[in-house]
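Please prepare a short briefing on the structure shown below.

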Amino acid sequence: MPVLEKGNAQTWRRRTTGENLFRWFGWLIGVAIFAVCWQRISEATTWFFVWDAPRIAGDIWTRATPPRWEYITQLGRPIWDTLNIATLGTLIAICLAVPVAFMAARNTTPSVLFIRPVALLVIVSSRSINSLIWALLLIAIIGPGVFAGIIAIAIRSIGFCAKLLYEAIEEIDHTQVEAISATGASRWQVMAYGIVPQILPAFAGISVFRWDINIRESTVLGLVGAGGIGLQLSASLNVLAWPQVSLILLVILAAVMISEWVSAKVRGAII
Amino acid sequence: MSHRELEDMLGKGWRKPPFVSNPKLRWSLILGFFAYLVAAFMTIEVDWGRVYVGLDRGWAFILAFTSPDFTSRASDIWDGLLESIVMTVAASVVGILISIPIGLGAARNIAPLPIYLICRGIVAISRALQEIIVAILLVAIFGFGPLAGFLTLSFATIGFLSKLLAEDIEAMDKVQAEAIKASGARWLQWINYGVQPQVMPRLVGLSMYRIDINFRESAILGLVGAGGIGATLNTAFDRYEYDTAAAILILIIGIVMSLEYLSGIIRAKVQ
């Protein structure tokens, strides 16, 4: 226990002097790094615009309110497209994520040395790149539209679903698997009766959770041209139609809240 | 014993129980799902000719991953990456610093009701608005550049971190906090010695995870002009320079992987 001796009296301290110095040094380096970063941001900023920002914000606010409510009649189809992008993208993703997850889980992978690293690489690369970037890429390849959005959402979701699913597979109860294999079941029968029933609730929960996230992400995919309500948003922004922008933002907010509510309800019912 | 009697004795064969036990609900779910699928496929317009034409380009892009071009746009890539990293660091620091008091305020067992409601309101707003939409608005207000990206990421960090921190504080062990209070500690001392040691491991883990997310998000903010590598990436796609785009994507994946590895080490050390 670190104590401070002053004369004869001993006082309790949290850390020794060496630890304290080390900590202060660490904080010093941290603050220095932050200062350098802030300076770089500050250099790249036109401060005149920043001082002017409250006036601009007020100006945008007066232009954006009230929202142009009659524009909502034109938003039905884009919302339907957004829903399709999220749902079909999630469906494709979970179909592809299941085999990847089984290949990535330590206890079900066919080969720890060769196949598991490949599956993990697929998961990491799909997870580390945002769906907007995938959409950008797919638009260059297969052209703008809803289809590119669906594929972008699907690719982005594979990593997320597969990662959570393979962690669930690694945490299963082994005694049940052993019991099934003791009855003389084949590899596939062990899979179907020993492993799948254990991960099914987790699987359903993950799918619904990802669907909720995908609704959120598909609302902005249109900004790069991949269909959905984001297309209307970017078109309205380009012509500076602020009343339409505020209406679209309200619709997006409502969609996100509804999907979150649905996903919370369904997950509550499953688990 | 006749064959008939044997079958009676054995009874019905065992069947897997269905996932949804209520048959009416099960069938209506299945039917509704297929009805939705049909409706979705009817309304999606896919230009298969365009997709077919694009397959060559897709293949060219996949090939580009085998020969990424780091050199010919090296200075652009370097500037973009540096700006992304700078934005990530600064936004994470500021976001974490702000989210700690808000997290304290959003925990019902620490904060009085009015403060609790205000902090929960801030968290809800920050979580409901998407990064890219916030970025669009902030770019309109503050002008192009990394300042808008920095503010966006800080704002998003607050919602994420405060909510999880508040949930952790609400789930903490009350006895330890009470013991500190009983020793006559002031409010700050109570937080520092009674609450903070309990939530610190999780706070560090969550912060590391958020830094990881912030870097990934900073890669797309450039699409709307908020600074970072996204602008470079967008230009590379627009000019069909797939080898440069592949190089940038490889760099992003590499940085995210090393961040994840680092955060794994730090989390293991703290817990």
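The notes below start with the basis of the model and then go by topic.

This is a predicted model, in which local features need pLDDT of at least 70, side-chain atom pairs count only at pLDDT 80 or more, and totals for chains, interfaces and linings use all residues. Residues are numbered from 1 along each chain as its sequence is written, while chains are lettered from A and ligands numbered from 1 in the order in which they are written.

**Chain A: domains and hairpin**
- Chain A is split into domain 1 (3-63) and domain 2 (74-270), with bounds that come from an automatic or database domain assignment.
- The centres of domain 1 of chain A and domain 2 of chain A, taken over C-alpha atoms, are 38 Å apart.
- Strands S1 (residues 3-6) and S2 (residues 9-12) of chain A pair in the antiparallel sense over four bridges; pairing requires that DSSP finds at least two bridges between two strands.
- Helices (H or I, at least four residues) and strands (E, at least two) are DSSP runs, numbered from the N terminus.
- Lys6(A) has Ala9(A) as its bridge partner in S2(A).
- Two residues lie between the strands of this hairpin, and Gly7(A) takes a positive phi near 65° there.

**Chain B: overall form**
- Chain B has eleven helices and zero strands.
- Its radius of gyration is 27 Å, whereas a compact globule of 271 residues would have one near 18 Å; the radius is taken over C-alpha atoms, and the globule rule is 2.2 Å times the number of residues to the power 0.38.
- The C-alpha atoms of chain B fill a box of roughly 85 × 65 × 35 Å along the principal axes.
- Of the 271 residues of chain B, 39% count as buried, meaning that 20 or more other C-beta atoms, placed from the backbone, lie within 10 Å of the residue's own.

**Helix H10 of chain B**
- Seven of the ten residues of helix H10 (residues 229-238) of chain B are buried, including Ile229(B), Leu233(B) and Phe237(B).
- The buried residues of H10(B) pack against H6 of chain A, and also against helices H4 (74-105), H9 (187-221) and H11 (242-270) of chain B.

Methods. A residue is buried if 20 or more other C-beta atoms lie within 10 Å of its own, exposed if 12 or fewer, and partly exposed in between; C-beta atoms are placed from the backbone. Two residues are in contact if their C-beta atoms, placed from the backbone, lie within 7 Å.
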